[in-house]
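Reader: Please take one part of this model and go through it closely, with its surroundings. I would like the packing and the contacts in plain terms.

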Amino acid sequence: MRPSTEQFILANTLLSEPPSCPEIRLFLATEVTPLWLATETQLQEQGLPPPYWAFAWVGGQALARHILDHPHRVKGKRVLDFAAGSGIVAIAASLAGAASVEAAEIDAMAISAIKLNAAANNVAVTIALEDLLDRTDCRWDVILAGDVCYERPMAEKVFGWLRSCAALGATVLLADPGRAYLPTNGLMRLADYSIACSLDLEDRLSREVTVYQIVG
Ligand SMILES: C[S@@+](CC[C@H](N)C(=O)[O-])C[C@H]1O[C@@H](n2cnc3c(N)ncnc32)[C@H](O)[C@@H]1O
């Protein structure tokens, strides 16, 4: 019998602290290759994407660090972690005192991972398996997006949507390590972080990540 998504996550990850956010514990893959292969084998048949949820991406770590160190950015506010992956940014927002936190993902495995990770940190996160990019309303005060500029069509669509939310009045923060499809305008630099990472995942041992505010 095929394991449930929760069983699969628990069997293939370890509860561990991302290097830049030791306050947060996440079910993460300790080595890239075995999990990537395991998920590829299991998930390919179901047409599901690679296990982005099993890693604390450098963008998410920098954004989570920024929120933990500057809680006023989210305190008492309605917050969305867009493209949440493991949910690291949503968890940071909840720990920093947000009034409510939603995490949006289009990957069903990520939804299960965020549930497990939120529970491991004793925080409340509302989780939506939904593509928000076609929505024209914006019910959040703050939108946070970590590491979303790694594929051209996605980055263009995501950035357009984030910019429209900023124009509707939301504060939109994006963290990026200089990925290929980061837009060159409409961004105000807020802070820089040096984030430790694995050679497997990033081809180097640390990356410089910038937290930007999107200006409408
Ligand atoms: C590189 S991961 C970053 C995850 C997390 N933000 C972090 O920094 O650790 C990108 C994530 O974006 C998600 N994603 C891609 N398109 C999306 C969309 N339209 N809506 C929500 N999530 C999306 C993917 O499933 C993946 O988990």
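Author: Helix 5 lies across strand 4 and strand 5 and runs at about 175 degrees to strand 5. The model is a predicted one. Helix 5 (108–120) is also among the elements that cover the buried residues of helix 4, and helix 4 is the part to look at here.

Helix 4 (88–95) is mostly covered, with eight of its eight residues buried. Those residues are Ile88, Val89, Ala90, Ile91, Ala92, Ala93, Ser94 and Leu95. Besides helix 5, the cover includes strand 2 (26–28), helix 3, strand 3 (78–82), strand 4 and strand 6 (142–146). Just after helix 4, glycine 97 has a positive phi of about 100 degrees.

The contact with helix 3 (58–69) can be described in detail. The axes of helix 3 and helix 4 come within 8 Å and cross at roughly 5 degrees. Because the angle is under 35 degrees, helix 3 counts as roughly parallel to helix 4. On the helix 3 side, the residues that meet helix 4 are Gly60, Gln61, Leu63, Ala64, Ile67 and Leu68. On the helix 4 side they are Ile88, Val89, Ala92, Ala93 and Leu95. By class, the residues of this contact are nine nonpolar, two polar and no charged.

Both helices also take part in the shell around the ligand. Helix 3, helix 4 and strand 4 (100–105) each supply at least two residues of that shell. Of the 25 residues around the ligand, Tyr52, Gly60, Ala83, Gly85 and Gly146 come nearest. By class, the shell has 16 nonpolar, five polar and four charged residues.

Seven strands form an open sheet in the order 5-4-3-6-7-9-8, and the pairing is mixed. Strand 5 (126–129) and strand 8 are the edge strands, each pairing on one side only. On average, neighbouring strands of this sheet are turned by 20 degrees against each other, with direction ignored. Strands 3, 4 and 6 belong to this sheet, and these three are also included in what covers the buried residues of helix 4. At the other end of the strand order, strand 8 (187–196) is joined to strand 9 (206–214) by nine bridges, and the two run antiparallel. Aspartate 192 stands opposite threonine 210 in strand 9.

Two loop residues complete the account. Tyrosine 150 is found in the loop between strand 6 and helix 6 (152–167). Tyrosine 150 counts as partly exposed because it has 16 C-beta neighbours inside 10 Å. Leaving aside neighbours within four places in sequence, tyrosine 150 is in contact with Arg179 and Tyr181. The C-alpha atoms of tyrosine 150 and aspartate 176 are separated by 9.3 Å, at 26 residues apart along the chain.

Leucine 182 is found in the loop between strand 7 (171–176) and strand 8. With 18 other C-beta atoms within 10 Å, leucine 182 is partly exposed. Residues up to four places away in sequence not counted, leucine 182 touches Cys149 and Asp176. Leucine 182 and glutamate 151 are 31 residues apart in sequence, and their C-alpha atoms are 9.5 Å apart in space.

Key: Residues numbered from 1 in each chain as written. Predicted model: local features only at pLDDT ≥ 70, side-chain atom pairs only at ≥ 80, totals over all residues. Near = placed C-beta within 6 Å. Helix = DSSP H or I, 4+ residues; strand = E, 2+ residues; numbered from the N terminus. Nonpolar A, V, L, I, M, F, W, Y, C, P; charged D, E, K, R; others polar. Buried ≥ 20, exposed ≤ 12 C-beta atoms within 10 Å, placed from the backbone. Contact = placed C-beta atoms within 7 Å. Axes fitted to C-alpha atoms, helices over the stretch in contact; angles between N-to-C directions. Parallel < 35°, antiparallel > 145°, perpendicular 65-115°, else oblique. Pairing = 2+ DSSP bridges.
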